Amino acid sequence: MKVRRKRNSNLDDYSGAAQDGPPLLNFGGKDNPREYESGQRGTEESVKLSWNHIPGQNCWPAAVIAAGLLLAGAIGLFHAWCVYSIHENLLWFSQLKEVEREISFRTECGLYYSYYKQMLKAPSIQQGLYELIHDNTTESKRTINMLQRMNIYQEVFLGILYRILPIQTYLEPIYFYIYTVFALQTVYVIALFITSWLLSDSWLAGALSGVWYILNRVDTTRVEFTISLRENWSIPFFALQVAAITCYLRPQLKPIHQRVVLWLVFVSTFCFCLTWQFNQFVLLVQALIIFTLDCLDFLTAEQVVSLYLMQVLSLLLVWLLQFCNSMILGSLVLSFIVSALFIKHFQMGLKTGGFVIRVGKLALHTLLVLTLTFTINYSAKKILQLKSDEHIFKFIKAKFGFGATRDFDASLYLCEEAFGLLPLDTFERLAGTVLLYPYLCTLSVLFILLLLVVLSNLSMNGSGQASREKEDRTFRMRPDIAYNLLHTVFFGLLAFSTMRMKYLWTGHMCAFAAFGVCGKEVWSLYLRVLHCNTKTTMRLIRYSVPIVILAFLYYKFWPRLMEEISELREFYDPDTVELMEWIR
């Protein structure tokens, strides 16, 4: 497909490529920390009592939440409009013939869209499902079950939805398809907004994360020119799941709220798994994060088991919907979760003893879990006679220099630029939007603090004094912050190793950097070093710095964004159009 300019254009060619939360640090205070904290609590209670007598004060938190959610929706809708406008102006999509619109879905994008079209053309929904289950057109001389082979339930769902909704007279099927994908981008931005809001207790962080996501569109999404790719369907649900986990791990969450949020974790995890074939590898990374937090005393046993079960139940439900796809049962993530829960249940006294003893126990625990994981995974693949994912492990082995491979699929991945290392010019673009610098500052400070908290956790001697020692220790870190810190580290390493996976990292990077700018955790440490950590100074910095950054981004990038959105081009591929017309 060729894209040429239409009308006048001044740009170069299109490039595809608040409220204060609980403190993180507790440095004691005065001569007697307990008396000091008791006095602080008494002061806070008196302030609350006097505040309760102010008329209408109960409406203020609800008004703040409503304003934040409205802002999140507005930024999300603005991003959806941006990608829609760029897609429309890139191809002059609304003026194309039907065959030209379908040709614009290249490679596997066109294949996925064809199943949506097949569901619409079938005489009935039942017949459409039957044809997908007994497909004899995708592979030559073979009849296969496409619902088992590929993640196309989103096309099936949209096809059924379009047939039963009264929208056929004023909305074409292809527009219903692309509008749905662009609407998911709204969900994505809202999820990032909520994640940074929960971490920082300020919806200014959510606004900053949404703006950063839009301005770094080249590195955060490619939805405007690869609409049908599975990642464009699944990553918004993954971002929603991260937001739900962040909420679930917040301290002092009521039990009823925990159950509601866990349901949201399950639903978002299930939707993510159902819509992307790489779900098991992404969940494996997430399971490793949960395992690490469990070993380092950041999560309770109930939280660990609940998050593991949400992953397992989601995968098993997808396994059922994909007609007992053996690749899911043979996945490494299921083997790992079963092993982690089994060893955790039988290895008693893991979190007791001195520092050296606990480190030794954790090393033995990790070794046992990994050994049992590979044993279960090897046995499952032998029993199921599963070989469909061997090329992936051959690719990983060859990629990191553990031996060459003659496997065709693995060699094909090695030749693909998308599966290579992350290009260095990515960081130049991220630095240009003032995203990289606060991200690195937040990451480095919190990672050092994480190490100090880990040393403090592992030095706690015995389980009987655990609660008292947790109150008295110098360094603290909330579990939701610890999760998001390890999340950005683990998926950052994944992005470094495989460029295609950067879209799992860069979106969360925006939320994490915005939390660093608007949250108290990093600023409190800086202000303590400067000996000016007062409540007034903290509030002034937390609200003024993000506003200054937003003003700078608006001044520098708003004209450029509007110019890019208004650039007009057109689809031009007469040879392919002629070929498709001849085939018809």
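A residue is called buried when its relative accessible area is under 20%, exposed when that area is over 50%, and partly exposed in between, as found with a 1.4 Å probe on protein chains only. The model shown is predicted, so local features need a pLDDT of at least 70 and side-chain atom pairs count only at pLDDT 80 or more, while totals for chains, interfaces and linings use all residues. Residues are numbered from 1 along each chain as its sequence is written, and side-chain values use heavy atoms, with hydrogens and water left out.

**Figure 1. A salt bridge joins Asp201 and Arg250.** A salt bridge is a side-chain nitrogen of Lys or Arg within 4 Å of a carboxyl oxygen of Asp or Glu. For the side chains of Asp201 and Arg250, the N to O distance is 3.3 Å. Asp201 lies in the loop between α8 (173-200) and α9 (203-215), and Arg250 in the loop between α11 (230-248) and α12 (255-275), so the pair ties together parts that are 49 residues apart in sequence. Helices are DSSP runs of H or I with at least four residues, strands are runs of E with at least two, and both are numbered from the N terminus. Asp201 is buried, at 13% relative accessible area, whereas Arg250 is partly exposed, at 22%.

**Figure 2. Glu564 forms a salt bridge with Arg217.** The closest N and O atoms of Glu564 and Arg217 are 2.5 Å apart. The pair links distant parts of the chain, since Glu564 belongs to helix α26 (residues 535-566) and Arg217 to helix α10 (residues 217-220), 347 residues apart. Arg217 is buried, with a relative accessibility of 5%. Glu564 is partly exposed, with a relative accessible area of 25%.

**Figure 3. Further salt bridges include the pair Arg142 and Glu139.** The closest N and O atoms of Arg142 and Glu139 are 3.2 Å apart. Both partners are partly exposed: Arg142 has a relative accessibility of 47%, and Glu139 has a relative accessible area of 24%. Elsewhere, a network of salt bridges links Asp219, Asp425, Arg429 and Lys502. The structure holds 17 salt bridges.

**Figure 4. Helices α12 and α13 cross at roughly 140 degrees.** The axes of α12 and helix α13 (residues 279-295) come within 8 Å. These axes are lines fitted to C-alpha atoms, for helices over the stretch in contact, and the angles run from 0 to 180 degrees between N-to-C directions. Thr269, Phe272 and Cys273 of α12 meet Asn279, Val282 and Leu283 of α13, where contact means heavy atoms within 4.5 Å. The residues of this contact comprise four nonpolar, two polar and no charged. In this grouping Ala, Val, Leu, Ile, Met, Phe, Trp, Tyr, Cys and Pro count as nonpolar, Asp, Glu, Lys and Arg as charged, and the others, Gly among them, as polar.

**Figure 5. Thr488 is buried.** Thr488 is found in helix α23 (residues 479-497), and its relative accessible area is 1%. Not counting residues up to four places away in sequence, Thr488 touches Tyr439, Leu443, Trp505, His508 and Phe512.

Figure 6. The expected span of a helix is 1.5 Å times one less than its number of residues. Helix α8 has 28 residues and reaches 41 Å from its first C-alpha to its last, close to the expected 40 Å. Of the 28 residues of α8, 21 are buried, and the helix is mostly covered. Asp201, whose phi is positive, near 60 degrees, follows α8. Helix α11 has 19 residues and reaches 27 Å, close to the 27 Å expected. Since 18 of the 19 residues of α11 are buried, this helix is largely enclosed by the rest of the structure.

**Figure 7. Thr226 lies in the loop between α10 and α11.** Thr226 is buried, at 11% relative accessibility. Leaving aside neighbours within four places in sequence, Thr226 is in contact with Cys109 and Asn232. The C-alpha atoms of Thr226 and Arg106 are separated by 7.8 Å, although these residues are 120 residues apart along the chain. For Thr107 and Thr226, 119 residues apart along the chain, the C-alpha separation is 9.6 Å. Thr107 is found in helix α4 (residues 107-121) and is exposed, with a relative accessible area of 64%.
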